[in-house]
Number of protein chains: 2
Amino acid sequence: MQADVPEILRRHGIQPSAQRLAVADYVLRTEDHPSAERVFAKVSGTLPMISRATVYNTLNLFVRRGILRQLVLAEGNVVFDPKLEPHHHFVDDATGEIHDIPWDALDVRKVEALRGVDVREYQVVLRGRRSGRRHS
Amino acid sequence: MQADVPEILRRHGIQPSAQRLAVADYVLRTEDHPSAERVFAKVSGTLPMISRATVYNTLNLFVRRGILRQLVLAEGNVVFDPKLEPHHHFVDDATGEIHDIPWDALDVRKVEALRGVDVREYQVVLRGRRSGRRHS
DNA sequence: GGGCCCTTTAGACGCTGTCTAAATCTCGAC
DNA sequence: GTCGAGATTTAGACAGCGTCTAAAGGGCCC
């Protein structure tokens, strides 16, 4: 469960509005990695008059305020991820679907030893096919 | 140094043409990670009549034939990489520039242990700032 | 030269995302 | 409750990147 959505917005200095709540209700709860167009389509279902510009502005605002992350993993596919903790991503070659890989499922070493760079964040991006077995 | 470019194309079943050679000459030799538009701009310098469609078609052809890789690391920025060996990438937050990180500079473990996925390839994507010191 | 197929071209088109100017809403001050 | 300033939303125009299309061009074998 999560703190209620209006409270989350206020805590991040975002004035709640019907439109922002509708966007937040979808995008903060989904397990998917939706594109802006997908968010627009979904939110239009509950708030038919909302405009594309508002959805884009709202998503960008959420990213700036740090309640959403933006991922660019595949061509022409900017996608939003409400899961803020570090984790890795697996991209299904066949469908383009993005699946989360828990941080501890992989072990990345020597990042601190890199010279010449000051790493703010990193993740492993894996590509391939899903097999029958479940994620570890 | 590399085998001569017409030979590389033929070896990959690509009929050489003036346009394809001009694109290959630039994109297979560069150390950068150029976008299609950048390739178009560069090649237009030596072959002014070349059309955008040809550059895009040629780059896509090279990717399909496996002499180039396509990277999507940052928003609105599909980029091509002639370096085929596995390596990681560092994205400079300030400039958006992409720098290669040698495969052995990092150590990623437990990829084989992942359940439910059949990994074809993976890489670490790092983001941050460049610091004074050089890459290791 | 003639014919065939591959390649290239210019421009139209489509999609994603941003911008603009006007309309609407919110909320505190009165 | 009313007012007004500032924030928010809206529709549509616009911009950039990439693809598609139909026609033109080129290479090569007969």
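In chain A, residues 24 or more positions apart account for 43% of the contacts with a separation of 6 or more, where two residues are in contact if their C-beta atoms, placed from the backbone, lie within 7 Å. Before we go further, please keep in mind that this is a predicted model, in which local features need pLDDT of at least 70 and side-chain atom pairs count only at pLDDT 80 or more, while totals for chains, interfaces and linings use all residues. Residues are numbered from 1 along each chain as its sequence is written, and chains are lettered from A and ligands numbered from 1 in the order in which they are written.

Let us stay with chain A for a moment. Its C-alpha trace spans about 45 × 35 × 30 Å along its principal axes. The chain has four helices and six strands; these are DSSP runs, helices (H or I) of at least four residues and strands (E) of at least two, numbered from the N terminus. Read from the N terminus on, the order is α-α-α-α-β-β-β-β-β-β. Of the 136 residues in chain A, 21% are buried, meaning that 20 or more other C-beta atoms, placed from the backbone, lie within 10 Å of the residue's own.

Now look at a pair of helices in this chain. H2(A) and H3(A) pack at an angle of about 120°, with their axes 10 Å apart; axes are lines fitted to C-alpha atoms, for helices over the stretch in contact, and angles run from 0 to 180 degrees between N-to-C directions. That angle makes H2(A) oblique to H3(A), since angles under 35 degrees count as roughly parallel, over 145 as roughly antiparallel, 65 to 115 as roughly perpendicular and the rest as oblique. H2(A) brings A:Ala22, A:Val23, A:Tyr26 and A:Val27 to the contact, and H3(A) brings A:Val39, A:Lys42, A:Val43 and A:Thr46. By class, these are six nonpolar, one polar and one charged; Ala, Val, Leu, Ile, Met, Phe, Trp, Tyr, Cys and Pro count as nonpolar, Asp, Glu, Lys and Arg as charged, and the others, Gly among them, as polar.

On the H2(B) side the contact is made by B:Gln19, B:Arg20 and B:Val23, and on the H4(B) side by B:Thr54, B:Val55, B:Thr58 and B:Leu59.

Next come the two DNA strands. Around DNA strand C there are 19 residues, of which A:Ala53, A:Val78, B:Gln15, B:Ser17 and B:Gln19 come nearest; a residue is near a strand if its C-beta atom, placed from the backbone, lies within 6 Å of it. H4(A) gives the most to this surface, with four residues. DNA strand D is also surrounded by 19 residues, and the closest are A:Gln15, A:Ser17, A:Gln19, A:Thr54 and B:Ala53. The surface near DNA strand D has seven nonpolar, nine polar and three charged residues.

Finally, see where the two protein chains touch. Their contact takes 38 residues from chain A and 38 residues from chain B. On the chain A side, strand E1 (69–74), strand E5 (107–109) and strand E6 (117–130) give two or more residues, and E6(A) gives the most, with 14 residues. This side has 18 nonpolar, six polar and 14 charged residues.

Definitions and conventions: Buried ≥ 20, exposed ≤ 12 C-beta atoms within 10 Å, placed from the backbone.
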